[in-house]
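This report looks at selected side chains and at the overall build of one protein chain. Please keep the sequence and the structure in view while reading.

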Amino acid sequence: MAHPAPSLPPSPTPTPGASASELVQPRFGWLPPVGTWKYHLLLSAVALFVLGPLGGISASYMNFSVGFFVGGQVLAGILGSAVTYGYGAEGKHGANYMQTMAASVASLCAMSVLIQAMVWLGMEMPPAWHLMLFVGCVGMFAVGVGMLYTPLLVDKLQLDYPSGLAVANILRALTDKRLLKVSISKLGGGTLLGAVVAWTTEKVQWVAQLGTSAATLGAGMIVGSRITVPAVVMAVFGAALTPYLREIGWMGPNDPFRKIGFLLGLAMICGAAAVDLSLLAVQAAKRISARSTVQAGAEEEAWKKVNMTRLVAWVVVWGAATVLVGTLVLGQPLGWLVFGLALALLFVLINGISYGITDQNPISSAFVISVMLMSLMGLTNPLVGLMAATILLISTSVGCDMQQDRSTGWRLGTNRVIQFRYQVLGVVMGALLCVGLARVFMAAYPALTINQLDNPKAEVGQWGSAMTFKLVGAIRGLGSLSDSTVKLLLIGLAVGFVIQALRKVVKANEGYQNYVKSSRTGFAVGWAMDSLVLASPYASSFGGFVAFPVALWFGAGGVVASLFNTAAQRGQKSHSAGSPGEGEALPEDMSSMSLVGGGLIAGESLFFLIAGMIGLVSLLA
């Protein structure tokens, strides 16, 4: 059955030329003129030393605690718009530059779990500057690869990139002073509440025993119940099945479900991704065929032009630099590093297509596939495999984030070359913070250094480390896949593939879509299908990665947000009168629950960073 093509975003407004930019009169006399070196210095300083570290701290903390992170584009876009508000409509480009740089910092900081994985695997840690140099080289390579695919994914295929569209809408909307104030107040309130909850969790024993976390609750509030409820169902299913799994010997007598649940979850992601990528390939071919004739004679706008020769040279040079640093500085085998680079070239494209249409960047599935390929090729050393997979993980994270940022720029008409330069600077700061934050957190909280695969009953507090758990669990299987592991992977692949295929068929049915939109009963049926009957394998898999209480709090956040948003939408329908622009709903990524949820994450992560720094200083003293 044919799938309808996603709706196209609004046509971008080209960035004014240099002379036009100079005519912009800032509302405040202290603001430097647009396009000057002082202008770019202001934007870079705010993004590098305020917005980027805020997003990076939050991303790193979330991966250490709940095992996934929420990108900082929305927060950086809102706060960046506060800085560029004085430039009026032209300020959206400056805010876009800042959120691009800040998002690059956050993407690399989230990879600090790779340092934790090295500790879990018993790897002798090299000097910090060695790791910073390696991470930086991979990040530079990833930025180039991401830009290399931008003309295809953003310009020709015109993929939606939902988060990129949301950021573009935010940057447009925040020229409204009232909207800006409302957004910042909700984020600030959520941040304060997140810090208070974190303090309570640390100081009050019975609260800590509940397994609560402001970041987990906040993340659930951002994504909603159709994502969080499937995770809870998976966790409940695993808990019910645990006695049987112990009885047949697939789990030890004291092992929690996540000991093997992560394998099932990863395989489900791979199965679902196989369906999505097959459909995406068909859609891509149709888009290229449909648009090639229309765009053949169109002249490329100035803001969009990129020197492809220099870009290819950039990718080659930084790929070579990655290999040189990996072999000469870190002592890794040449062949496996080159294999990691080759996989990165493939998966930045594949994951970029998935990200553009589904808003899902299946990094975990790419990682599992890479481990399986290396295992089939005879690699048995997990440390070597982790270093090769590090190239793939950083590249898919940074490269796909680059494509999303370019989609925001495409909608705004932001200069692509300047945006690229901002992202490069963000990678430099991200490489420094990635290693630095890992060292700070692990020094202040020794629980992060405990290998939870080997010590499932260890007291680790809020540091669930689900991302590290699945990375290390997958990489340790190199060359030694047991029968139970193979069976789990095959079951997960089959379940993920079948469920995702059925979801595609159901959602393509026009009669079903009309029914779920027609009444409250239809809405309830649609929710039940998405959350319980045919839940997304991407969402369900999370319940296999985390401890049971974490899944419950994550689910609670999603349910609360969905109930609130549903009530708010009904209230808006009953107040439809008024002049245009009055009473308009916030964009989806700026809804009240989303803003408060983002604040909860930021508040808890900032609290534990400050507490960690204090603990680190006391240890050194």
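Cys-137 has a relative accessible area of 5% and is therefore buried, since the cut-off for that class is under 20%.

A search of the whole structure for disulfides returns 0 of them. Cys-109 is accordingly in no disulfide, and the nearest cysteine sulfur, which belongs to Cys-434, is 6.6 Å away. For reference, a disulfide is a covalent bond between the sulfur atoms of two cysteines.

His-130 has 14% relative accessibility and so counts as buried, the limit being under 20%. When residues up to four places away in sequence are not counted, His-130 touches Val-329 and Leu-330.

**Aromatic rings**

The count of aromatic pairs in the model comes to 5. One of them joins Tyr-97 and Tyr-422, whose rings are stacked, with 5.0 Å from centre to centre and 10° between the planes. This pair links distant parts of the chain, for Tyr-97 belongs to helix 4 (residues 91-109) and Tyr-422 to helix 17 (residues 416-444), 325 residues apart. Both Tyr-97 and Tyr-422 are buried.

The rings of Trp-336 and Phe-339 have planes at 85° and centres 5.9 Å apart, so this pair is edge-to-face. Both residues lie in helix 14 (residues 334-358), where Trp-336 and Phe-339 are 3 residues apart, or about one turn of the helix. Trp-336, at a relative accessible area of 18%, is buried, and Phe-339, at 17% relative accessibility, counts as buried too. The geometry of these two pairs is set out below.

| Pair | Centre to centre | Angle between planes | Arrangement |
|---|---|---|---|
| Tyr-97 and Tyr-422 | 5.0 Å | 10° | stacked |
| Trp-336 and Phe-339 | 5.9 Å | 85° | edge-to-face |

Ring pairs also link Trp-314, Trp-318 and Phe-420 into a cluster. A charged side chain meets an aromatic ring at Phe-523, where Arg-226 lies over the face of the ring, at 5.4 Å from its centre.

**The chain as a whole**

The chain contains 25 helices and 0 strands, and 54% of its 621 residues count as buried. Among the contacts in the chain with a separation of 6 or more, 84% are between residues 24 or more positions apart. The accessible surface of the chain amounts to about 25,800 Å², and 67% of this belongs to carbon and sulfur atoms.

**Confidence**

How far can the model be read in detail? The chain has a mean pLDDT of 77, with 76% of its residues reaching 70 or more. Confidence is highest in helix 13 (residues 308-329), at a mean of 92, and lowest in helix 1 (residues 18-22), at a mean of 44. Over residues 1-22 the pLDDT stays under 50, although the model has 37 contacts beyond four places in sequence for this stretch. Residues 575-585 also have a pLDDT below 50, and beyond near neighbours in sequence they make 1 contact in the model. Where pLDDT is low, the predicted coordinates should not be read in detail.

Definitions and conventions: Residues numbered from 1 in each chain as written. Predicted model: local features only at pLDDT ≥ 70, side-chain atom pairs only at ≥ 80, totals over all residues. Heavy atoms only, no water. Phe/Tyr/Trp six-rings, centres within 6.5 Å; stacked < 30°, edge-to-face > 60°. Helix = DSSP H or I, 4+ residues; strand = E, 2+ residues; numbered from the N terminus. Buried < 20%, exposed > 50% of the residue type's maximum accessible area, 1.4 Å probe, protein only. Lys NZ or Arg CZ within 6 Å of the ring centre and 35° of its normal. Contact = heavy atoms within 4.5 Å. Disulfide = S-S within 2.5 Å. pLDDT = per-residue confidence, 0-100. Areas by Shrake-Rupley, 256 points an atom, 1.4 Å probe, with all protein chains shown as cover.
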